[in-house]
Amino acid sequence: MCGITARIGDDESLEDLLVSLKNLEYRGYDSAGIAVQNGTGIEINKCEGEVSELQAELSTADHDGPIGIGHTRWSTHGPPTDANAHPHTGCRGRVVAVHNGIIENYDVLREGLQARGHEFTSDTDTEVIPHLVEERLDAGFDAEAAFRDAIGELDGSYAIAMLIDGDPAVYATRNGSPLVVGVGEDANYLASDVPAFLEFTDRVVYLEDDDVAVITPDDYRITDATGSSVSRPVETVEWDPEDAEKGGYDHYMLKEIHEQPVALRQTIHGRIEGEDVILEDFPPGTFADVSRVQFIACGTSYHAGMYGEWLLSKWGIDANTFIASEYAAFPAPVDEETLVVGVTQSGETADTLEALKNARERGARTLALTNAIGSTAARTCDDALFIRAGPEIGVAATKTFSSQVATLVLLGERLVRDITGDPTDECRERLKALESLPEHVELVLDDSRAATISQRWLGDAGNFFIGRGNAYAVAREGALKFKEITYEHAEGFAAGELKHGPLALVTDETPVFAIGTGEHAKRLESNVREVQTRGAPVIAVAPRTATDLTDTADESLPVPATHPDLVAILANVQLQLIAYHAADELERSIDKPRNLAKSVTVE
Ligand code: F6R
């Protein structure tokens, strides 16, 4: 949700800045902009649209310089126009800033500034920042003091990078929005997320809330909220920069769908030994005091949470899933025996962070189940469990869903053993099936007829996805993926719920994808007949062995037979491909669907 970046060196920065901005585009693509110190002042270029449009405008050397900041925007305050594109300046262009987040008191600040003679050129909340800093510089503050004092006025969430004309440094701070320093050989970097600069350096320093960083070409200094120097660890990121590139695929989404076997191998690597689950920071007994589990998440991660809830409930553990954006306002009861698991790929989703904070403040134990090692969720929860899926750039989450569910199977096993003293029934078969999951996903990818089926059955009046048990979670996920990237109507239902209302929508123009795991097959078959009777074509997504379903359906997308608890993960891969090929056919912007961004850092 907005990407900010900076490159601080002695030589030219423009090329690196543009690379970083492109790498950050998954965070927003309404507009793009950069500002560089070019020896004669600060040169700003910005425009509505994607980074490629900005790049096309930047052909002369005037736009280059050793120190620069950049921004890619997901609009909150003000429409996506050139004027609202970041960077923003104060009245005289001496102070230039980019921002990710929302300044909640910007209207009060703006009125005050206007009353004191400041003129604004955009509708954004961000623009108050350079004006506030400028005012303090005029009052004689030094640069760092002016920055620190100005941010003291801000309420809300923010990550900010700022240039001051003639000052060879970038000033940065964060509060609730991510920011990481990249420590390079020839230059230092700053960004909302590591993939921005991963091809230049893998040495990173994650900033904490209220830190102020002053970054120069060969050094960086961090102070905390009180102004005292603090030392934050330099960590080495193990992601391969190539993982964050398209690697010959037309879209990141397709590449990431195909990366699932590798991602799953990484997720389970070293974590299964026969009947035992080995979760690095969670030895046996870790969760002995837990009596209840709550999953908190948004979007795709919420569906992974639903899957986790279903597993735990089946294994006799009290578990529920909550939509994070509802949780802080309408919290469920917790106590010290409640484990609240924030399921979040990015670890930066504002709604999830807020819900986790709420649970922690009321005494619950919190665990971040995330892909991002230095993320806010990982650092602010009591514990973190990493899904190890590697970087995911496509806005639509794919491989991280599979890795989240695989991690939840492992976590579930640890919880059951700690809470009840015994492994789950069938644990050996399930863990063996989990070890085979990467190969099973490979089989789905090698053989899928999703491209053909999506062309044949794209529904004019909606596309429905139905399932029971964990397949209901996947029905919801299949529909989310479909609507997100095709812009066509899609809904996921618990199969038995159709007859309580949604059946009224079913016609011969509404294909129904029925996800079968082999469990309760007769009931799902009845639901399939109910929609067929109303003319709907049915596509079974199920193991070939689920003949009750596949024989009844009009078409099928088979998946390998495996443990019923895991079949739905394979079915989900087919549904990812269905969404992808339908969107491709409709020529949608698959990696950057309209109105969306990958990391949603506003509430
Ligand atoms: C959909 C999608 C979103 C995210 C949601 C939560 O494809 O990617 O629904 O799942 O915004 O994001 P994280 O998992 O980063 O908290």
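## Burial, charge and overall dimensions

At 14% relative accessibility, Y206 counts as buried, where buried means under 20% relative accessible area, exposed over 50% and partly exposed in between (1.4 Å probe, protein chains only). The model is predicted, so that local features need pLDDT of at least 70 and side-chain atom pairs count only at pLDDT 80 or more, while totals for chains, interfaces and linings use all residues. Residues are numbered from 1 along each chain as its sequence is written, and side-chain values use heavy atoms, with hydrogens and water left out.

D10, by contrast, sits in the loop between β1 (3-9) and α1 (14-23); helices (H or I, at least four residues) and strands (E, at least two) are DSSP runs, numbered from the N terminus.

| Residue | Relative accessibility | Class |
|---|---|---|
| Y206 | 14% | buried |
| D10 | 64% | exposed |

Together with E185, D186, D218 and D219, D10 forms a patch of negative charge on the surface; such patches are made of residues with over 30% relative accessible area and no salt bridge, like charges being joined within 9 Å.

Across the protein, the secondary structure comes to 18 helices and 26 strands. The radius of gyration, taken over C-alpha atoms, is 25 Å, close to the 25 Å from the globule rule for 603 residues, so the protein is as compact as a globular protein of that length; the rule is 2.2 Å times the number of residues to the power 0.38. Buried residues make up 60% of the 603 residues.

Conventions
Patches are made of residues with over 30% relative accessible area and no salt bridge: like charges are joined within 9 Å, nonpolar side chains (Val, Leu, Ile, Met, Phe, Trp, Tyr) within 5 Å. Accessible areas come from the Shrake-Rupley method with a 1.4 Å probe; for residues, only the protein chains shown count as cover. A salt bridge is a side-chain nitrogen of Lys or Arg within 4 Å of a carboxyl oxygen of Asp or Glu. Lys and Arg count as positive and Asp and Glu as negative; His and the chain ends are not counted. The place of a charge is taken as NZ of Lys, CZ of Arg, CG of Asp or CD of Glu.
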